Amino acid sequence: MAMLATRRPDAEQHDPAGRTLNLTLQVWRQKNATSPGKMVTYAATGISADMSFLEMLDVVNEGLIARDEEPIAFDNDCREGICGTCGFMINGVAHGPERGTTVCQLHMRHFKDGETITIEPWRARAFPVLKDLVVDRGAFDRIIQAGGYITAPTGGAQDANAILVPKADADVAFDSAACIGCGACVAMCPNASAMLFTAAKISHLGHLPQGQPERDDRVLRMVARMDVEGFGACTNIGECAAVCPKEIPMDVISFMNRDLLRATRRKDREAKASNE
Ligand code: SF4
Ligand code: FES
């Protein structure tokens, strides 16, 4: 199973040559959800190779604001690779060229001076573009609402030592819980499938004792919600795992499919028994 990859070993390194980059950006600009969008070209000059990608966009936006032009809209919050808010396509790759890295943790030293960089929002029917690089990822929230939780009685918290969790299960649950809900897996999948995201949540709760009572209903409801939201099916291409900034492995999809099969059979048996 994947290990947590919140920060890559090179995340704090400086560009050894102290380079400054002059770049050409081709950026998707779209006024709002109903307007047509188009690619617009901008110069990004004097960019320190030590800047993050979002800091580079900040510099471009400062120039746009100084010229009384609309800044490029993009989502961001923590800028530490942990919140899942940021994300767009860089040269056709979700979160850009570095493995296991969110766009907020991507540094400009990975680009060449004089390079042309294309920047586009996630493209998926279930993630409509709201403005420029910002998409509506509410579909993920609704998948979680459908079953990505546990029901626990209120009152004093139970002593943690009273619920034993085998180390191997705790490790898998922890790795699965590393999913930050960024949506890169959907954006990179040719089917715009949300299987890796949903399966990470199913695997997280399904490997813990607290997740067992609702395990069958959870998988049935969350998978049904994926379909309602318009995400595509998984055809085992693997682009999702390749661009996942938390390196969630495709094993979680196998885990979810096994849970789905078991839950579906149980439901069928119960329906049959109630008809007899
Ligand atoms: S599985 Fe990975 S790529 Fe998909 S939402 Fe979670 S962290 Fe992002
Ligand atoms: S801004 Fe939080 S993960 Fe990028």
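**View 1. The shell around ligand 1.** Among the 13 residues around ligand 1, those that come nearest are Cys179, Cys182, Gly183, Cys185 and Cys244; near means one heavy atom within 4 Å of the molecule. This is a predicted model, in which local features need pLDDT of at least 70, side-chain atom pairs count only at pLDDT 80 or more, and totals for chains, interfaces and linings use all residues. Residues are numbered from 1 along each chain as its sequence is written, chains are lettered from A and ligands numbered from 1 in the order written, and side-chain values use heavy atoms, without hydrogens or water. Eleven shell residues are nonpolar, two are polar and none is charged. Here Ala, Val, Leu, Ile, Met, Phe, Trp, Tyr, Cys and Pro count as nonpolar, Asp, Glu, Lys and Arg as charged, and the others, Gly among them, as polar. Helix 4 and helix 5 each give at least two residues to this shell. Helices (H or I, at least four residues) and strands (E, at least two) are DSSP runs, numbered from the N terminus.

**View 2. The cavity of ligand 1.** Ligand 1 sits in the largest cavity. A cavity is a set of points, on a 1 Å grid over the protein atoms alone, where a 1.4 Å probe fits but cannot get out. To sit there, more than half of a molecule's atoms must lie within 2 Å of the grid points.

**View 3. The largest nonpolar core.** This core has 44 residues; Val186, Leu196 and Phe231 touch the most other members. Its members are buried Ala, Val, Leu, Ile, Met, Phe, Trp, Tyr and Cys residues joined through side-chain atoms within 4.5 Å. Buried means under 20% relative accessible area (1.4 Å probe, protein chains only). Helix 5 (195-206) is one of the elements that give two or more residues. Six core residues come from helix 5, the largest share.

**View 4. Leucine 196 and its contacts.** Beyond neighbours within four places in sequence, leucine 196 is in contact with Cys185, Cys240, Ala241, Cys244, Ile248, Pro249, Met250, Val252 and Ile253. Contact means heavy atoms within 4.5 Å. A second, separate core of 28 residues includes Phe53, Leu57, Val103 and Leu133.

**View 5. Glutamine 105 in its loop.** Glutamine 105 lies in the loop between strand 4 (93-94) and strand 5 (116-120). Its relative accessible area is 11%, so glutamine 105 is buried.

Key: Buried < 20%, exposed > 50% of the residue type's maximum accessible area, 1.4 Å probe, protein only. 1 Å grid on protein atoms, 1.4 Å probe; cavity = no way out; pocket = protein on both sides within 12 Å on 5 of 7 lines; lining within 4 Å.
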